[in-house]
Structures are given as C-alpha cells and as structure tokens.
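Hi,

Here is the structure I promised to send over.

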Amino acid sequence: MRVCEEGTGVARMDSNGTETVGETLQQQFGHWYTFLVEDLSDKRAAHLPFLHSPLWPLSVLSLYFLLVFYWIPNYMRDRKPYDLRKLLLAYNVFQVVVCYFLIRQLVRHGWTFRYLYTCELADYSNSKNAIGFLHAAYLNYCVKTAELVETVLFALRKKRSQISFLHVYHHVFTYLLAWIFAKYVGGSMLTYTIIVNSLVHMCMYSYYLLAVIPSYVPFSLGRLKRYITALQIIQLVSILVNILFAMRSSCAIPRTHILLYAPYMVVLISMFINFYLKTYSGITSALNVCYTGGGLQKKVK
C-alpha cells in the first residue's frame, strides 16, 4: 500500500513538474513576444492597420505563395490566359501616382539629398515632420503589399517565365523589410531607399504602362528594357552606399535593421547584374539566346 502511495506521489510530482516547465516556457515566450513585437516597436505606429502582429505579413505571404504556385496554376492549367489589359493599365497608373506621392510626402516634411550620406536618425517625436516620415514609411509598406498583386497577374496571364526566382525573392523580402521599417523605424537616413526606389519605379511602371498600349507609342520600346534594368542596378548600388554610410560606428542607426537589409541588398545586386549580363551582353546576342529567369532559352524569330 505504501509503495502504491509513493508511486502515486511520484506521478503527481512529475505531472506538477511538467506543468511548471510548460508554464515557464509559455511565460518566457510571452515575454519575448511582448519585447520584440511591442516594446521595441514604434509606439506611434500602434494604431496603423496590419502592423501590430507579425502574423499579418506571414499570412499575406502564405496566401501569396499558395495563389502563385498552387491555386492559380492548377486553376489555369486547362484555361487560356486572361486578357488583363485594362487592369494592368490601372495598376501601372496607380504605381506611378503613388510613387509620386511617396516622394512628395517625404520632401515636404524635410527630406533632402543629405539623407544619402549624413547620419540622420529617426525622430520618434510627435512633431509634424516626424509623423510625416512615419506615414511615408507606412504608405511604402502598403505599396509593397500591392506589388505582390503583380505576380498574381503574371500567373493569371500564364506568364510563368516572368515569375522568376529574382522576381519572387525581390518582392517577398522587400515586403517584409517594408513591414519591419514601418513598425520599428519609421524614419532616419534609410528613407533614402523609399525616395530612390519611388523615382525608379515611376520610370519602370511608366514603361510598363506604355508596353500595355504599344500601338499608341510613336517609338520602339525594345531598347528601353536594358536602360530600365541598368537604372535598377544603379539604384540598388546607391542604396547599398546609403547602408554603408549608416553602418559607421559614429552613427546610431539601429543595427538590427541594417544587418537584415545589407545582405539582402548584396544578393539582389548580384542577381540583377547576373540578369543584365545574361540578357543584354554580347554573348547572349551572339548565341541568339535570351535569359528568362528560368535559364537561357533560344530566341523565337
């Protein structure tokens, strides 16, 4: 009888011990979640939609991958590509206009070219200009969310060659970094990225807009492709220079964002340069091939 009681007592101790460890782990997770998601965040951004929880960007990206790589390809398998010309026109016009407003928002609240190289820290006050920078960071996040629609349109038009690794990598990581920037930073010299990216996107989406209606364009658009790609590379290199200036020991820009941003930018630059060389260099022209993102393919005459 005594043995049974001892055995029961041990079982109860194990049960209590397990519950204690479980509760401790849960509390630790709760503390870390609160610290990372709430304590470190910009409190001024707490009221802005879709910024509070990391579950939002994770859910959006999960839906993105399911749509682009599973649901839409299965749905379109035995269907003809959709003609989305009017939707593409509207989308490209939207991108040009919203990029203009992003630039205007930052410039009217004090942005100047010195943000490329001087150590301008984020202003977390509630001053008019500081809030203006925060709203620009949030608008940039909304734009990067809308840019994910671009891949969905490619899938609906069965443009599989355009859904390259470069394209997906660029859009996914840009979206995540925009969410992090809006939630935690909301300003500083790193807003240079928003300015230069918006300028390049105004050119790029203007080109895409004309490409939808080539019959109304009095000149050939073919030659512009390489210049658009070259402009993107110059943009990325200048952003990397901006990051390097921010990495100076005398500059107190948050290191966490830089450590996430710098490697992504290095990889992206290498991928764009690789794409440019494979697509526009004399080697591919001589071989009569083109680069589609999925590899080299023979050009169709």
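What follows is a run through what turned up, from the whole chain down to single residues.

One thing before anything else: this is a predicted model, so please read the numbers below as computed from it.

**The chain as a whole**

The chain has 9 helices and 2 strands. Of the 301 residues, 41% are buried. The exposed surface comes to about 17500 Å², and carbon and sulfur atoms supply 66% of that area. If you look at contacts with a separation of 6 or more, 77% of them link residues 24 or more positions apart.

**The cores**

The largest nonpolar core holds 64 residues, and Leu51, Tyr141 and Met265 have the most contacts inside it. Helices H2 (55–76), H3 (85–108), H4 (128–156), H5 (165–185), H6 (192–212), H7 (224–246) and H8 (255–280) each put at least two residues into this core. Which helix gives the most to it? That would be H5, with 12 residues. Apart from this core there is another one of 8 residues, which includes Tyr91, Met204, Val217 and Leu221. As background, nonpolar side chains in soluble globular proteins tend to be buried together.

Leu51 is worth a click. Leaving out residues up to four places away in sequence, Leu51 touches Ala45, Tyr138, Tyr141, Trp179, Ala182 and Lys183.

H5 itself is mostly covered, with 17 of its 21 residues buried. From first C-alpha to last, H5 reaches 28 Å, close to the 30 Å expected at 1.5 Å a residue. Just after H5 comes Gly186, with a positive phi of about 70 degrees.

**Around Arg44**

This is the spot I'd zoom in on. Arg44 lies in the loop between H1 (2–39) and H2. Is this arginine buried or exposed? Arg44 counts as buried because its relative accessible area is 10%, and the cut-off for buried is under 20%.

What does the side chain of Arg44 pair with? Its partner is Asp42, in a salt bridge of 2.7 Å, N to O. Asp42 is buried too, with a relative accessible area of 5%. The side chain of Arg44 also has a polar atom 2.9 Å from the backbone oxygen of Ser125. Beyond its neighbours within four places in sequence, Arg44 is in contact with Asp123, Tyr124, Ser125, Asn126, Ala130, Ile131, Leu134, Val185 and Gly186.

Asp123, one of those contacts, sits in the loop between H3 and H4. Asp123 is partly exposed, at 40% relative accessible area. Its side chain makes a polar contact of 2.8 Å with the side chain of Ser125. Setting aside neighbours within four places in sequence, Asp123 is in contact with Arg44 and Ala130. Asp123 and Gly187 are 64 residues apart in sequence, while their C-alpha atoms are 6.6 Å apart in space.

**Salt bridges**

The structure holds 3 salt bridges, and the Asp42–Arg44 pair is one of them. Another joins the side chains of Arg114 and Glu120 at 2.8 Å, N to O. Arg114 is partly exposed, with a relative accessibility of 31%.

Then there is Glu147 with Lys144, where the closest N and O atoms are 3.3 Å apart. Glu147 and Lys144 are 3 residues apart in helix H4, so about one helical turn separates them. In an α-helix, residues three or four places apart point the same way, because there are 3.6 residues a turn. Glu147 is buried at 2% relative accessibility, and Lys144 is buried at 5%.

Most residues other than glycine have a negative phi. Phe50 has a positive phi of about 70 degrees although it is not a glycine. Phe50 lies in the loop between H1 and H2 and is partly exposed, at 46% relative accessible area. Lys158 has a positive phi of about 60 degrees, and it is not a glycine either. Lys158 is found in the loop between H4 and H5 and is partly exposed, with 23% relative accessibility.

Cheers

Terms used. Residues numbered from 1 in each chain as written. Predicted model: local features only at pLDDT ≥ 70, side-chain atom pairs only at ≥ 80, totals over all residues. Heavy atoms only, no water. Core = buried A, V, L, I, M, F, W, Y, C linked by side-chain atoms within 4.5 Å. Buried < 20%, exposed > 50% of the residue type's maximum accessible area, 1.4 Å probe, protein only. Helix = DSSP H or I, 4+ residues; strand = E, 2+ residues; numbered from the N terminus. Contact = heavy atoms within 4.5 Å. Polar contact = N/O pair within 3.5 Å; in protein donor to acceptor, adjacent residues only side chain to side chain. Expected span 1.5 Å × (residues − 1). Areas by Shrake-Rupley, 256 points an atom, 1.4 Å probe, with all protein chains shown as cover. Salt bridge = Lys/Arg side-chain N within 4 Å of Asp/Glu carboxyl O.
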